[in-house]
Protein chains: 2
Amino acid sequence: MALHEQEVPVGAVVVRDGIVIGRGHNTVETGESALNHAEMLALREATQAVGAWRLNDAVLYVTLEPCMMCAGALMLSRIGGLVFGARDPKFGACGSRIDALAPDMGWNHRVNIISGVLADESAALLREFFSSRR
Amino acid sequence: MALHEQEVPVGAVVVRDGIVIGRGHNTVETGESALNHAEMLALREATQAVGAWRLNDAVLYVTLEPCMMCAGALMLSRIGGLVFGARDPKFGACGSRIDALAPDMGWNHRVNIISGVLADESAALLREFFSSRR
């Protein structure tokens, strides 16, 4: 989706009890907002679906490692888990560039993180996008 | 505003060329979204006003030190400057709890930060709110 809109192709879904309750893809350019990362849009939709801002029983899946903004948003939303694909050495805030949600940060909420799921496929999508723009 | 809505009273404005182009106050509870921090709402309004996601010539003023999500959002928005009031020892991401925008983080955008402006007044607002809830 994002790929065809000249957006960096990143997609996210929020799942609870096996049901997708929020989805989003990066729309920074078309939405004219640096806040429109896939994770933010998926979280927003999920909280609307739940009718509350806490998402303890939900898991967010995203193709690319979240940045600092999104990592903060995941924590604030009290999301239960995070599963991501490719690592982001430049902006990744979940272990690559910084480790914003690490247990030793001592935040008031712990997000369970699984990384590297479909990492090659996710990275290939991004490579395809960036090579097509050169 | 936020104070009367049982929200933690935090307010933010984005200013460019002496004109307020975005404003927001915390609506996490009423908006049922952990993403509804004052800064996020003000940034969103400002980018809509500008019609682009970059806010290089703008400054965001906020009564409380931004959290990690908001610090990330400020950087992503390429905001020129940040002026905040009270420090937040628990969640402050601009020097108190963490220093997410510090020059030595090596991010691709530098936000000029001034802290402590009307800090006592800002802190008094928060104290009033939290004591009224006990």
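This is a predicted model: local features need pLDDT of at least 70, side-chain atom pairs count only at pLDDT 80 or more; totals for chains, interfaces and linings use all residues.
Residues are numbered from 1 along each chain as written, and chains are lettered from A in the order written. Local features need pLDDT of at least 70, side-chain atom pairs count only at pLDDT 80 or more, totals for chains, interfaces and linings use all residues, and side-chain values use heavy atoms, without hydrogens and water.

Colleague: How much area do chain B and chain A bury between them?

Modeller: Buried area is the accessible area (1.4 Å probe) that two parts lose on being put together, summed over both. Of this area, 68% lies on carbon and sulfur atoms. The total for chain B and chain A is about 2,800 Å².

Colleague: How many salt bridges does the rule find across the interface of chain B and chain A?

Modeller: The rule asks for a side-chain nitrogen of Lys or Arg within 4 Å of a carboxyl oxygen of Asp or Glu. Across this interface the number found is 0.

Colleague: Are α2(A) and α2(B) roughly parallel or antiparallel?

Modeller: Both helices span residues 68–76, and their axes come within 7 Å. Axes are lines fitted to C-alpha atoms, for helices over the stretch in contact, with angles from 0 to 180 degrees between N-to-C directions. The axes cross at roughly 155°. Angles over 145 degrees count as roughly antiparallel, so α2(A) and α2(B) are roughly antiparallel.

Colleague: Which residues of α1(B) make the contact with α2(B)?

Modeller: Contact means heavy atoms within 4.5 Å. On α2(B), the partners are M69(B), C70(B), A73(B) and L74(B). On α1(B), they are E39(B), M40(B) and L43(B).

Definitions and conventions: Helices (H or I, at least four residues) and strands (E, at least two) are DSSP runs, numbered from the N terminus. Angles under 35 degrees count as roughly parallel, over 145 as roughly antiparallel, 65 to 115 as roughly perpendicular and the rest as oblique.
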